[in-house]
Every structure is written in C-alpha cells, then in structure tokens.
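Here is a short briefing for a first look. Keep the 3D view open while reading.

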Amino acid sequence: MDAQTMTLSPAAAARVAAIAAKQGKPAMLRLSVEGGGCSGFQYKFGLADAAEADDLAVETDGVTLVVDPVSLDLVAGSVVDYVESLGGAAFKVENPQAASGCGCGSSFAI
C-alpha cells in the first residue's frame with residue numbers, strides 16, 4: 001500500500017499527542033470505518049497500542065495514523081484533521097470518495 005494514500009494533519013497530530021500523553025499511551029490514532037450512521041458508513045477513532053501487520057501507517061510530527069485494509073478501501077486519499085469551532089471540537093475526515101455525508105460529518109456514503 002502506498003503511504004501517500006492518507007494524510008494526518010499537523011493539528012490532528014498535535015491533538016492525538018496531547019490525548020495520548022494524558023492517557024500514557026503511544027501517540028497512535030486508529031481510523032476505521034463501520035456500517036451505520038445516517039449516511040451508510042461511519043468513522044470510528046481510537047488510540048491504538050500498536051499497528052497490525054497489514055495496517056497502513058502514516059506518520060506526522062511523531063504521531064502515527066493507522067488504518068486497516070478494509071477501511072482503507074473506503075477512505076483512501078483522505079485527510080484526517082482536527083477542527084475547533086463554536087459547536088465543539090472533533091476529528092474530521094475529508095474523504096474524496098464520499099458521495100454524500102451527514103450534517104455532522106461523522107458518516108458518509110460512497
């Protein structure tokens with residue numbers, strides 16, 4: 001797999017590093033895709049202890065983004081960002097493959 005198929009923004013890397021430091025875990029964010037949500041698929045984020053052998057791993061500023069092969073098919077080419085607004089703060093996936101999405105940005109359809 002080509003490591004250039006996913007990007008972790010510096011803002012997202014900084015937020016993952018801060019969360020991981022508070023929890024005493026490695027600075028590693030796992031992005032996966034599950035069925036469900038209002039548009040068909042939904043993004044799931046969590047800290048990972050280690051990457052699996054078949055995961056795509058991309059590093060930004062010392063923080064690693066890992067994506068499993070099944071999820072990668074649905075999010076290849078995406079940028080994972082961290083945005084803060086009046087409505088709150090959240091990780092956001094800018095997915096070029098998504099044909100549509102919900103208003104909150106946590107689910108999408110292809």
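In which sense do S6 and strand S7 pair, and over how many bridges? The two strands pair in the antiparallel sense, over 7 bridges. This is a predicted model. The protein has 110 residues, and its secondary structure comes to 2 helices and 9 strands.

**Overall layout**

- Along the sequence, the elements follow the pattern β-α-β-β-β-β-α-β-β-β-β.
- Of the 110 residues, 35% count as buried.
- The protein exposes about 5800 Å². Carbon and sulfur atoms supply 53% of that area.
- Take the contacts between residues at least 6 apart in sequence: 54% of them join residues at least 24 apart.

**The sheet of S1, S6 and S7**

- These 3 strands form an open sheet in the order S1-S6-S7, and the pairing is mixed.
- S1 and S7 are the edge strands, as each pairs on one side only.
- Neighbouring strands in this sheet are turned by 25 degrees against each other on average, with direction ignored.

**S1 against S6**

- Strand S1 covers residues 6-8, and strand S6 covers residues 78-85.
- The two run in the parallel sense and are joined over 3 bridges.
- Met-6 stands opposite Ser-78 in S6.
- Thr-7 has Val-79 as its bridge partner in S6.

**S6 against S7**

- Strand S7 spans residues 88-94.
- S6 and S7 make a hairpin, with 2 residues between them.
- Across this pairing, Asp-81 stands opposite Lys-92 in S7.

**The helix across the sheet**

- Which strands does helix H1 lie across? Helix H1 lies across S1, S6 and S7.
- Helix H1 is made of residues 10-23.
- Its direction is at about 70 degrees to S6.

**Aromatic rings**

- Which residues do ring pairs link into a cluster? They are Phe-45, Tyr-82 and Phe-91.
- Rings count as a pair if their centres lie within 6.5 Å. By this rule there are 2 aromatic pairs.

**To find in the view**

- Finish with the ring cluster of Phe-45, Tyr-82 and Phe-91.

How values were computed
Residues numbered from 1 in each chain as written. Predicted model: local features only at pLDDT ≥ 70, side-chain atom pairs only at ≥ 80, totals over all residues. Heavy atoms only, no water. Phe/Tyr/Trp six-rings, centres within 6.5 Å; stacked < 30°, edge-to-face > 60°. Pairing = 2+ DSSP bridges. Helix = DSSP H or I, 4+ residues; strand = E, 2+ residues; numbered from the N terminus. Axes fitted to C-alpha atoms, helices over the stretch in contact; angles between N-to-C directions. Contact = heavy atoms within 4.5 Å. Buried < 20%, exposed > 50% of the residue type's maximum accessible area, 1.4 Å probe, protein only. Areas by Shrake-Rupley, 256 points an atom, 1.4 Å probe, with all protein chains shown as cover.
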